[in-house]
Amino acid sequence: MPTMTLAKALNAGLRRALEADPKVLLAGEDIGKLGGVFRITEHLQRDFGPDRVIDSPLAESGILGTAIGLGLRGYRPVVEIQFDGFVYPAFDQIISQLSRLHFRSHGALTVPLVVRIPYGGGIGAIEHHSESPEAYFAHTPGLKVVTCSNPLDAYWMIQQAIASDNPVIFFEPKRRYHEKGEVDTEAEPMPLYQSRVVKPGDDLTLITYGPMVRTCVEAALAAGDEGRDIEVVDLRSLAPLDMATVVESVQKTGRAVVVHEAALTLGMGAEIAARLQQECFYALQAPVLRVTGYDIPYPPSRVETAYLPDLDRVLDAVDRSMAY
Amino acid sequence: MSDPVVDDFVQLLTPEGERVQHPDFAFGGSDEQVAGYLRDMVLARRFDNEATALQRKGELGLWPPALGQEAAQVGSVNATRLPDHVFPSYREHAVALHLGVDAVEMLTTFRGTAMVPWKSAERGLHIYSFVIGTQTLHAVGYAMGMQRDGLVGNPDPDANGAAIVYFGDGATSQGDVNEAFIFAASYTAPVVFFCQNNQYAISEPIALQSKIPLYRRASGFGFPGIRVDGNDVLAVQAVTSWALQRARQGEGPTLIEAYTYRMGAHTTSDDPTKYRSRDETDRWRARDPISRAQAYLLASGAIDQAWLDSLEAESEQLAVRVREGCVALREPQLEEFFEHVVIDPPEILLEQRDDYLEYEAGFDHPSVPDAEAAHSQSQAQGAF
Ligand SMILES: Cc1ncc(C[n+]2csc(CCOP(=O)(O)OP(=O)(O)O)c2C)c(N)n1
Ligand SMILES: [Mg+2]
């Protein structure tokens, strides 16, 4: 079984999608010769040509809008937004058009489009390069929103997203791009919109996704040393939420902590907490806690480690939940 | 170069340092002024090179070098004066230095110790913008305000002002920039659009953004566009003075395309060998903005070797100050950034700050970046 980085797994997944279906097109800024600023599309233009791997003019609304048109014409565009903070010029096309064309046309139109967005912090970047805007998209009816946390999922989820006839916002945890893992390129992947229990446990459930999965697994292992048996759920899909997996876990443990980098207010944690109190009210032995970014714009990089949830903050929440 | 250097640009100083005439534009200043521009350019380059070196040593997260674009920046900013207002992009280090932003303070953003902490109002310089193109609209709106405040078309020319906004060739593809052109034209706003066409937007060559010379786009929006040799500080100063003058008198916007070249990488995270040839870069090196100004001034006798030596000493002092100042920059604390989110922080934000402080106080030691975070930082290499 090959071992590869998350970045290489995405590259391999994109390559396989391009091979599998001539209608698949990639577009974005600097994705051709340069292979993208993170090299996710490295060599794809060389191998599939500039008609299929397209360097776009520097205009995100243009990238999204033309990709919608290509989608309407029967293509399966996969667009790259260079960094999380640069998706907003394309926001109108995503929110007002992409998410609604199916609805507006009474189901007559479908737009099989994937928007890839490297997201999250922890890379020492300047402004606009470390954001976690997933809740805006998960809040919007008509969009599927998924995020991978490891190379195996990266490889399969990108292909599943491309194969989906729905518009999919695909968040990539950029600070995990260089982390390695085994990728079984033959085994049947699990369904795209399903969450995964990445570490089983009986005492408390950590619910997380994307870049924070590794942080939570490490916290769970550290808690294990202190005799606490923590379960970690990698949501993988943020819209729709696979509440069945989450609820089953919390029914068992009775305690839940949601962890994400995005700010607290109206983040994914708010939705999950609301759903849990509704669906597991009697099983809960403590309030659902959240460990998140603070309600401030992403701060300068010298303080980002204090801003981002880390092992200690997760363990602190575990303590508070267990003490309840 | 594959892109033959166009003859439809304004040039007043050849790459060899010879003054040439142009039918419409003349540089009205003295050699003493030119020597001032040379000083600005030399100091800016030295600063820029130091910053690049600091990034290489890990002292800055990232640096976008302005190498090669000194004449475009120094020539244009030297055409401004208060109450003009300047809106930079993120590479206008020579502009910012000229307007008095402290060299060490400029590093804070790129070291990650602060946002963009310039007290900008009094110097007439807005803070850097990192989202491509957005600042063009801000400049137009600011200019509309100046118009309403009676700063345009007064009989006393000193009472007039205009806005000037910097952006790149890639930025011209953004909707915001095109909308800025439309608003400026519709309202005859006193604004100068100063586009540094440095031939690339990261890896993408100008041909991908525009099928016609950029300056010609202006005519479609209904205002004049002009291309200037962006490596000729005299021509840039002359053309920008003219455009600012038009704006201040109430004649509306101008698009200036300063034809230049980004001699360095897009940023320190970028690898230009992936998308352009060394030959191309070498050809542009022969058109260096600094050496031609220096050649001219030496030939005219306005400066001599002693003058250059003392400038070199001044550059060296700046370099030392930048190196020492950078590493001595104050380390911020996260709690400082709960301020200024809004003018009147809501209860929830103050609670979050207090929770954070209480949590931090529970540690014996100030929390240090864990090895994992340090690792992903060093790996990230994301060009911006
Ligand atoms: C809206 C937006 N999209 C993408 C980026 C990433 N990015 C940063 S600089 C850059 C290229 C800009 O090229 P240009 O306008 O020519 O200016 P230059 O860097 O050459 O000075 C890109 C794509 C960004 N900062 N903002
Ligand atoms: Mg450029």
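How many residues from chain A and from chain B does the contact take? The contact takes 50 residues from chain A and 52 residues from chain B, where contact means heavy atoms within 4.5 Å. This is a predicted model, in which local features need pLDDT of at least 70 and side-chain atom pairs count only at pLDDT 80 or more, while totals for chains, interfaces and linings use all residues. Residues are numbered from 1 along each chain as its sequence is written, chains are lettered from A and ligands numbered from 1 in the order in which they are written, and side-chain values use heavy atoms, with hydrogens and water left out.

**Figure 1. The interface of chain A and chain B.** About 4300 Å² is buried between chain A and chain B, and carbon and sulfur atoms give 61% of this area. Buried area is the accessible area (1.4 Å probe) that two parts lose on being put together, summed over both. Leu58(A), Ile126(A) and Arg302(A) supply 17% of what chain A buries against chain B, more than any other three residues. Two salt bridges are found across the interface of chain A and chain B; a salt bridge is a side-chain nitrogen of Lys or Arg within 4 Å of a carboxyl oxygen of Asp or Glu. The side chains of Lys274(B) and Glu42(A) meet in a salt bridge at 3.9 Å, N to O. Nine residue pairs across the interface of chain A and chain B, both residues at pLDDT 80 or more, are in polar contact. A polar contact is a pair of N or O atoms within 3.5 Å; within protein, one must be able to donate a hydrogen and the other to accept it, and residues adjacent in sequence count only if both atoms are side-chain atoms. On the side of chain A that touches chain B, the elements giving two or more residues are α8 (212–225), α11 (304–307) and α12 (311–323) of chain A. Helices (H or I, at least four residues) and strands (E, at least two) are DSSP runs, numbered from the N terminus. The largest share of that side of chain A, four residues, comes from α11(A).

Figure 2. Asn198(B) and Tyr200(B) are buried; buried means under 20% relative accessible area, exposed over 50%, and partly exposed in between (1.4 Å probe, protein chains only).

Figure 3. The side chains of Arg76(A) and Asp165(A) form a salt bridge of 2.7 Å, N to O. Arg76(A) is in strand β4 (residues 76–80) of chain A and Asp165(A) in the loop between α7 (151–163) and β7 (168–173) of chain A, so the pair ties together parts that are 89 residues apart in sequence. Arg76(A) counts as buried because its relative accessibility is 14%, whereas Asp165(A), at 46%, counts as partly exposed. Glu80(A) and Arg116(A) meet through their side chains in a salt bridge of 2.9 Å, N to O. Glu80(A) lies in strand β4 of chain A and Arg116(A) in strand β5 (residues 114–119) of chain A, 36 residues apart. Both Glu80(A) and Arg116(A) are buried.

**Figure 4. Charged side chains of chain B.** A network of salt bridges links Arg46(B), Glu50(B), Glu312(B), Glu316(B) and Arg323(B). Within it, the side chains of Glu316(B) and Arg323(B) meet at 3.8 Å, N to O. Glu316(B) counts as partly exposed at 30% relative accessibility, and Arg323(B) counts as partly exposed at 28%. Arg287(B) is in the loop between α10 (278–285) and α11 (289–300) of chain B. The side chain of Arg287(B) makes a polar contact of 3.5 Å with the side chain of Asp229(B).

**Figure 5. Backbone details in loops of chain A.** The peptide bond from Ala239(A) to Pro240(A) is cis, with omega near 0 degrees. Pro240(A) is in the loop between β12 (237–239) and α9 (243–253) of chain A. Arg236(A), a residue other than glycine, has a positive phi near 65 degrees. Arg236(A) is buried, with a relative accessible area of 1%.
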